[in-house]
Amino acid sequence: MARKLKFDILAFLELHGVDYRTSGKNCAKGHCVVSCPMCEAEGDPDPSMHMGIELSSGHWGCWRSSHHRGKKLTSLMTKLTGISFKEAAQLVGDAAESVDKEEFDALAQWLSGIEEQANPAVQSPPKTLPMPSSFRPITDSRFAQPFRRYLEKKRGFRRQDIDKVIKTYDLRYCVQSGSWQQRLILPIYRDNKLGTYTGRSVDPNEQLRYNSLSKDKSVVNIKETIYDYDGLMNTTGRALFVVEGPLDMLKMDFYGRAYDCRTTCLFSKTATPEQIADLYNVHRNFAYVVVLLDAGEAKSASALLDELSLIPNLMSLEIPYEGVDDPADLYPSEIAEICSEI
Ligand SMILES: [Zn+2]
């Protein structure tokens, strides 16, 4: 029988500013729900809160993925708030859990290049990743038209820029049935080769907006790199913007380049130690590193700024336009204005 938990989960969530619900969609009786931090970490935002926590036992599970579940509340707590395992274990009052080594107190280690010893039981990732033949270059063909239209009408790229956007980011499309169907594909390169990819659905009825290649199939896990790390290491500029999602990045980066600004993204609201290390490595190439998060995300923005606080030229910026929640929704002229005033 499950041990009864003395720890007050709701008070903990409250204290750390984690949004939760105790009723409504996805929420069973005696549970609370939060946005699944593991979905988020995999680049799949979860605004409708699929992570349920049983208040009496602390057992947790995500409705979307059977991999996102567990009985140890401490590991979920660290993922939700960024506190260490040790702190979480002390709060829950279970000393046995404080020895969990898998987690990431080890930022300092990462930055000095000392990696945790690889666990031999874990299969190593593939060394190369071929571009699937079903990921077609976006040409003028009939099949490619919906994706061109998506970039122009839904994403606000200027028509005359579409070809250059496609070429700059090597954008592809997929119409083959399966999990990549009707997705605009963004390849993610690392060490000058294809590391992984993510696909944004162009179908407004699709629930899963982003689909990313799983960790075990990727040369580099999408949450262990920032976008265009190679390119950012080999360039200099005035500002490097850090945004959440790939589409935010595409728009900000494409229209910011003329102003000596670049943009990268984290593929979710939070930065992993690997991504923090990437940003730390590229920060010297820019006068400023500017966190530009979606409007209404003050909590996650301040958590992210905390995580990135070791970057000396860090600043943050709220979108200065009324009614624009998302960097992807900025007009090219607004991006130009932001970039020229940094
Ligand atoms: Zn999940």
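A: Begin with burial: a residue is buried if 20 or more other C-beta atoms lie within 10 Å of its own, exposed if 12 or fewer, and partly exposed in between, with C-beta atoms placed from the backbone. This is a predicted model, in which local features need pLDDT of at least 70 and side-chain atom pairs count only at pLDDT 80 or more, while totals for chains, interfaces and linings use all residues. Residues are numbered from 1 along each chain as its sequence is written.

Q: How many helices and strands does the protein chain have?
A: Helices (H or I, at least four residues) and strands (E, at least two) are DSSP runs, numbered from the N terminus. The protein chain has 12 helices and 13 strands. Of its 342 residues, 37% count as buried.

Q: What is the order of the strands in the open sheet?
A: Two strands pair if DSSP finds at least two bridges between them. The open sheet has 4 strands in the order S11-S10-S12-S13, with parallel pairing. S11 and strand S13 (314-317) stand at the edges with a single partner strand each, so one side of each has no neighbour in the sheet. On average, neighbouring strands of this sheet are turned by 30° against each other, direction ignored.

Q: How many bridges join S10 to S11?
A: Strand S10 (residues 237-243) is joined to S11 by 5 bridges, and the two run parallel. Val-242 stands opposite Thr-264 in S11. Strand S12 (residues 286-292) pairs with S13 in the parallel sense over 4 bridges. There, Val-291 has Ser-316 of S13 as its bridge partner.

Q: What does Tyr-288 touch?
A: Two residues are in contact if their C-beta atoms, placed from the backbone, lie within 7 Å. Tyr-288 lies in strand S12 and touches Arg-238, Ala-239, Asn-313, Met-315 and Ile-342, leaving aside residues up to four places away in sequence. Its C-alpha atom is separated by 6.3 Å from that of Leu-240, 48 residues apart along the chain. Tyr-288 counts as partly exposed because it has 17 C-beta neighbours inside 10 Å.

Q: At what angle do the axes of H3 and H4 cross?
A: Axes are lines fitted to C-alpha atoms, for helices over the stretch in contact, and angles run from 0 to 180 degrees between N-to-C directions. The axes of helix H3 (residues 73-81) and helix H4 (residues 85-92) come within 9 Å and cross at roughly 125°. The contact is made by Leu-73, Thr-74, Met-77 and Thr-78 of H3 together with Phe-85, Ala-88, Ala-89 and Val-92 of H4.

Q: Is Asn-192 buried or exposed?
A: Asn-192 counts as exposed, because it has 7 C-beta neighbours inside 10 Å. Asp-170 is partly exposed, with 17 other C-beta atoms within 10 Å.
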